[in-house]
Amino acid sequence: MAKNDLQGTLDLLVMKTLLQVGELHGYGIVLHIQRVSGDLLRIEEGSLYPALHRMEQQGWITANWALTETNRRAKYYKLTPEGRKRLEEDEKNFEHLVKGVRAVLRYA
Amino acid sequence: MSLLRRMLNLFSRTTLDHEIEDELRSHLEMRIDDNIATGMSAEEARRDALLRFGNLSSTREQTMEADVNLTLSDIWSDVRFGWRQLRRDTSFAWIAILVLALGFCGSVAIFAFVDAVLIKPLPYQNPSRLVALFESTSLGPRFHLSYLDYLDWKRQNKTFRSLEAYDEKTVALDTTKGKQVVGSAAVSAGFFRTLGVAPVLGRDFRDGEDTPAAARTAILSYAAWQNRYGGRIDILGEAIALEGVPYTVVGVLPQGFHFAPAATAEFWTALHGSSDPNGRGEHGLWAIARLKDGVTAETASSDMALIARQLANQYPDFDGGRSATVIPLTEMIVGNLRPILLLLLSGAILLLLIACVNVSGLMLVRSENRRHEMAVRSALGASRARLVQQLVTEGVMLAAAASLIGAGAAYGTIRLLLKLVPLNMLEDMPYLQGLGLNLHVVAVAAAVGLAMALLLSLMPVLRLSIAEVRSGLAQGGRSGTTTTWRRLGSNLVALELCTAMVLLVGAGLLGKSFYRLLHVDIGIQPQHLALLGLRAPGTTKQEQDIALTQRVLEEAGRLPGVQSTAITRQVPVANVAGGNTAFEIVGRPQHGTVYESNDRQVGTTYFSTVQARLARGRYFAETDDASKPRVAIVNQTFARRYFPGKDALGKYIRYDAASPVIEIVGVVNDIKEGPLDGEAQPVFYTPFGQDPGNSFFLVARTAQDPKEVLRSLDTTIHRIDPDIVVFSTETMEDRINHTQSTYLHRSAAWLVGGFAVMALLLGIVGLYGVIAYSVSQRTKEIGVRMAMGAQRSSINELIMNEGRRLLVVGVMAGSICSLVAGNLIRKLLFGTRPWDLGIFTIVVGMLAVSTMAASYIPARRAASLNPVEALRTD
């Protein structure tokens, strides 16, 4: 059975965001997810950072400091090839999870 | 991967802290900017940003945790804390580390020798299936066999896959710089195949290459190939000359190959035995064999005994009274070292034990003093597991430091011990080449280090669990646990004294044995004797040999400082008293028994030069030459064994029915022909003039140091004839000091003596520690006693009694253990009983004096306490 915990969902969202946008800082990730999900998903801003750092230590994303459009220093994150592979797996697992949960809900 | 990265982050924790701080701040600022852009006031924008973000400091910590492995961080802080603790108490740390390193070094260094000699297998295929074969005679179990016996053994046995003979000797090699003495061995064709060794270059001897008709071929040792021929590949097929006979080089042996019975052999030639049926009596070969699968050495032994009995019946003149000995090859090669190495290993283990006990005692005292610290830390919220982790870290640090220093010291000790082995003995022990910190030794060292770490961490942890941690805050409490632990400390000291006593008694017994050995009566005056081993080019005429020896005697006798000179075929005090023969007594029916004796050919002046003591009859005279009737001088053991209760003088003996009769004209006091600790064997001496040879020793008694005369003797010999090979030059005293038995006794005595001294020192320090600690704990009690009117002398007595009690317990236990230990090493003792009363008395005296001295200092301090101050201590 595939690994499908809901906690991993945050990782999935962050990595997918980085895949779609490329390089982005933590605040940008929060805004992106909120906008793309049509305001349905609001990330707990504080909980994002431990997740980002954990993923960095796992080698799924890398980071470097750069200037924003408003000339502020911010730490930009980017998906690594390893992270890309991980994302694919996570996506598959998530699909399974959703399918499974839906099947249970639709059972009459 | 990620774990490694997280560990590395440990070292840049502060940088990380700043980075996280910056990152979170930039997030908040961007949110504030956006909020202001939507029209909020600066204050509102800020509050909203913080609200959305949640708990800032907890986020910071969680983020940090994602980056850094915090368990490791704890350990690291423990290590730093432990380091500070040890730094604060440097004397404790250094004593503990040095004492442990001492025990570690001793046991690891000795184990390295045990490993090289007893554990590491010999460099042959399946060495446990190899055996050594000997003929046994009435003189002992390990004698040479003759070539014809070897052939019969090989043909008739049913228990060996193969059986091969070898003979080790020194030969003269023709080189561009003249003749050189080199070690060589002649082996039968299948010798290397039996060992399971193949040449690295060229080929092995072929079957049939060891017959008299075959061409002469030689295989080089790897060292000879490298050193003498520069490792040239084209050495194969080249001709070399040994004793003037040309040999063709056909192969080179592997680098790691060694064969201790012929350790110095550089040239291995195929054996060319003569199948002359009269040669059966010429016993001059050794043999090895490989057991067939499933056959034990015992089965082989009985099979060989049967064959030997048949041969003895078939050839009574040559093989009568002879049987066969089969022992494992390893037993033959290292058997004599086993007991001594096990002894040393036990000594080293005892020292390690005493070192550990000693440091445990120190730890006890220290943990007592740290109760307060532990209590404070636990009151400040340190969990029990955290305290244990702290103590374990400290123990591991001590053990690790001790192991590191100990390993370095062990390496040095091994090198030093090797240097102390005389070169000629080292050559005979090629298996020591692999000595060093190899895998086995490192594994054992690691195990010892781990055991030490375990002991050092267990001790305070147990202490922690027994003592009520929180009660430690009330520092003054002389609780029951303190007494328990003090008692344990004393018991440990008694154990140390007991161990020290065992080692001291052991050292005393071995030392006395060694003294006895060096002062054993060898029947001659060994001082001022120079010995030169000579071999003249082979001649067929006996007159030439005699003329040469006369010339040598004359020229050598004229040298300044030389008082008298003599010729002999063999010199006394050999590792093995070889050169024995069967003989019969004329006029005495044999009834199937065979008489065996060592026989020696000595020159006319030999007995007077070595200053032997004549018991009866006369020495040889110049007139006892080949033209006169044969004469012999026998030793007292010979006379006692073969003419019990009768006079040996005037009796006749002969080698066999075909040889001329020999009249016994003298009886000389026993001269040690074999090892110093060996039993006296029957020997008969015949005049060199009646049985000369081209290989002999020149013995010179000198007025001053014989070492100086050796050199001029050497040049004189070469002036007489440059073709004479001088294969050994030594003084008699060196010879005695360098024999294996002397060396083994000496090294045992010195090493165990060293262990014993260290053990005594540690025991005394331990005792001092316990008593001093007890005085510090009992200060208040002493104050009370004084206040109640106790005299200073009685306080002094009180403390001294503590030391005395420990001494008595230690000595009683030590006496019993020493008796057991003495009995175990009985075989290593020479002329000394295991329960030597004198040594026991001296050892007990030493222990008593040193323990009393060690308790006197704290006792004096206790007696000079000021009672008012003592009562005020908490």
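Modeller: In this predicted model, the axes of helix H1 (residues 8–21) of chain A and helix H4 (residues 81–106) of chain A come within 10 Å and cross at roughly 125 degrees.

Biologist: Why is H1(A) called oblique to H4(A)?

Modeller: An angle over 145 would count as roughly antiparallel and 65 to 115 as roughly perpendicular, with the rest oblique; the crossing of H1(A) and H4(A) is at roughly 125 degrees, and that makes H1(A) oblique to H4(A). The handedness of this crossing is left-handed.

Biologist: Which residues make the contact of H1(A) with H4(A), and what classes do they belong to?

Modeller: From H1(A) the contact takes Thr9(A), Leu12(A), Met15(A), Lys16(A) and Leu19(A), while H4(A) supplies Gly83(A), Arg84(A), Arg86(A), Leu87(A), Asp90(A), Glu91(A) and Phe94(A). By class, five of these are nonpolar, two polar and five charged, where Gly counts among the polar residues.

Biologist: What is the order of elements in chain A?

Modeller: Chain A has four helices and three strands, which run α-β-α-α-β-β-α from the N terminus on. Taken along the principal axes, the box filled by the C-alpha atoms of chain A is roughly 55 × 30 × 20 Å.

Biologist: What makes H2(A) and H3(A) oblique to each other?

Modeller: Helix H2 (residues 26–36) of chain A and helix H3 (residues 45–58) of chain A have axes that come within 10 Å and cross at roughly 120 degrees. Since 65 to 115 is the range for roughly perpendicular and over 145 the one for roughly antiparallel, H2(A) and H3(A) are therefore oblique to each other. Here H2(A) passes H3(A) in a right-handed crossing, and the contact is made by Gly26(A), Tyr27(A), Ile29(A) and Val30(A) of H2(A) together with Glu45(A), Leu48(A), Tyr49(A) and Leu52(A) of H3(A). Those residues divide into six nonpolar, one polar and one charged.

Biologist: How much area do chain B and chain A bury between them?

Modeller: The buried area is about 2200 Å², with 50% of it on carbon and sulfur atoms, and 23 residues of chain B are in contact with 24 residues of chain A. In chain B, the residues that lose the most area to chain A are Glu23(B), His27(B) and Met30(B), together 28% of what that side buries.

Biologist: Within chain B, what makes Glu164(B) and Lys154(B) a salt bridge, and which parts does the pair tie together?

Modeller: The closest N and O atoms of Glu164(B) and Lys154(B) are 3.1 Å apart, which is inside the limit of 4 Å and therefore qualifies. Glu164(B) lies in strand E4 (residues 160–175) of chain B and Lys154(B) in helix H7 (residues 147–156) of chain B, so the pair ties together parts that are ten residues apart in sequence. Over all chains, the structure holds 41 salt bridges.

Biologist: Why is H19(B) called oblique to H22(B)?

Modeller: Helix H19 (residues 542–558) of chain B and helix H22 (residues 706–720) of chain B pack at about 135 degrees, with their axes 10 Å apart. Only over 145 would an angle count as roughly antiparallel, and the value of about 135 degrees thus makes H19(B) oblique to H22(B).

Conventions:
Residues are numbered from 1 along each chain as its sequence is written. Chains are lettered from A and ligands numbered from 1 in the order in which they are written. This is a predicted model: local features need pLDDT of at least 70, side-chain atom pairs count only at pLDDT 80 or more; totals for chains, interfaces and linings use all residues. Side-chain values use heavy atoms; hydrogens and water are left out. Axes are lines fitted to C-alpha atoms, for helices over the stretch in contact, and angles run from 0 to 180 degrees between N-to-C directions. Helices (H or I, at least four residues) and strands (E, at least two) are DSSP runs, numbered from the N terminus. Angles under 35 degrees count as roughly parallel, over 145 as roughly antiparallel, 65 to 115 as roughly perpendicular and the rest as oblique. A crossing is left-handed if the near helix is turned anticlockwise from the far one by less than a right angle, and right-handed if clockwise. Contact means heavy atoms within 4.5 Å. Buried area is the accessible area (1.4 Å probe) that two parts lose on being put together, summed over both. A salt bridge is a side-chain nitrogen of Lys or Arg within 4 Å of a carboxyl oxygen of Asp or Glu.
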